[in-house]
Each structure stands twice: as structure tokens, then as C-alpha cells.
Amino acid sequence: MYYLYSAGLLFGGLSIINLVFSYQAKHIQHLFWPTLQFQLFMLPLFLIANMCIGYGIRYGFKATDQLGYTLIFSKCLEILISLGVAYLFLKEIPTWKNWVGIGIIALGIFLVKQK
């Protein structure tokens, strides 16, 4: 059950952070004051996202007893979310190189999980 809690919390927190920064890159002026105002308005979302990520790592560590595995999984999940958000906001389509990189990361997760 800790696996599901961990994956859900990590997905939620990482999605919030990637969506906020992608929205900022696409829709907020690249001037100091509008960016500062946007970031101040996003503080509650960042608090929620950081809590989700922190508890996601904690539950992942409880489930696997390996912090390295949990952190590698969270980075792989973040890359997948980043690809999705890039498509959503900028209509960027992942190339075969992106998929090869994700495959290498997945292989690394598999190797780290082996004892």
C-alpha cells in the first residue's frame, strides 16, 4: 500500500511544480515584478507540492527500505511528467532519444532494485 501512496503523492507534487513552472514560462511576462507576483501567488501550491513530495519519498522509503531506489523512481517520474507538460503547454512531441533515455533510466531502476 505504501507503493501506491508514494507514487500518488510523488505524481501529485511533481505535477504541481512542473505545471506551475510551465505555465510561468508560457504565460507570465519575463519581467521581474510580474514574475515575483506570480511566484508569491503560487506559494500555497508550492507548499502543497513540497509536502506531497516529502511524504511520497517517506512512503517510498518505507516500502522499499532503499532511499536510492525511491529517489531514482521520483526522478524518472518527474521526467515523464515533464514530457507530458511540455506536450501540453508547448506541443513538443518526444523524440526517440527521449524514449531511449527513459528506457535507460528504467533499466537503472531495475538494476538498483536487484540485491
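Which helix contributes the largest share of the nonpolar patch?

1. Helix α2 (residues 32-41) supplies that share, with four residues. Helices (H or I, at least four residues) and strands (E, at least two) are DSSP runs, numbered from the N terminus.

2. The model is predicted: local features need pLDDT of at least 70, side-chain atom pairs count only at pLDDT 80 or more, and totals for chains, interfaces and linings use all residues. Residues are numbered from 1 along each chain as its sequence is written, and side-chain values use heavy atoms, without hydrogens and water.

3. The surface patch consists of Phe32, Trp33, Leu36, Leu40 and Leu43, and together they have about 580 Å² of accessible area. Areas come from the Shrake-Rupley method with a 1.4 Å probe; for residues, only the protein chains shown count as cover. Patch members have over 30% relative accessible area and no salt bridge, and nonpolar side chains (Val, Leu, Ile, Met, Phe, Trp, Tyr) are joined within 5 Å. A salt bridge is a side-chain nitrogen of Lys or Arg within 4 Å of a carboxyl oxygen of Asp or Glu.

4. Phe32 is in helix α2. Phe32 counts as exposed because its relative accessibility is 57%; exposed means over 50%, buried under 20%, and partly exposed in between (1.4 Å probe, protein chains only).

5. Ser74 is part of helix α4 (residues 67-90). Ser74 is buried, at 7% relative accessible area. Leaving out residues up to four places away in sequence, Ser74 touches Leu10, Leu14 and Ile57, where contact means heavy atoms within 4.5 Å.

Conventions:
Patch = residues over 30% accessible without salt bridge, like charges linked within 9 Å, V, L, I, M, F, W, Y side chains within 5 Å.
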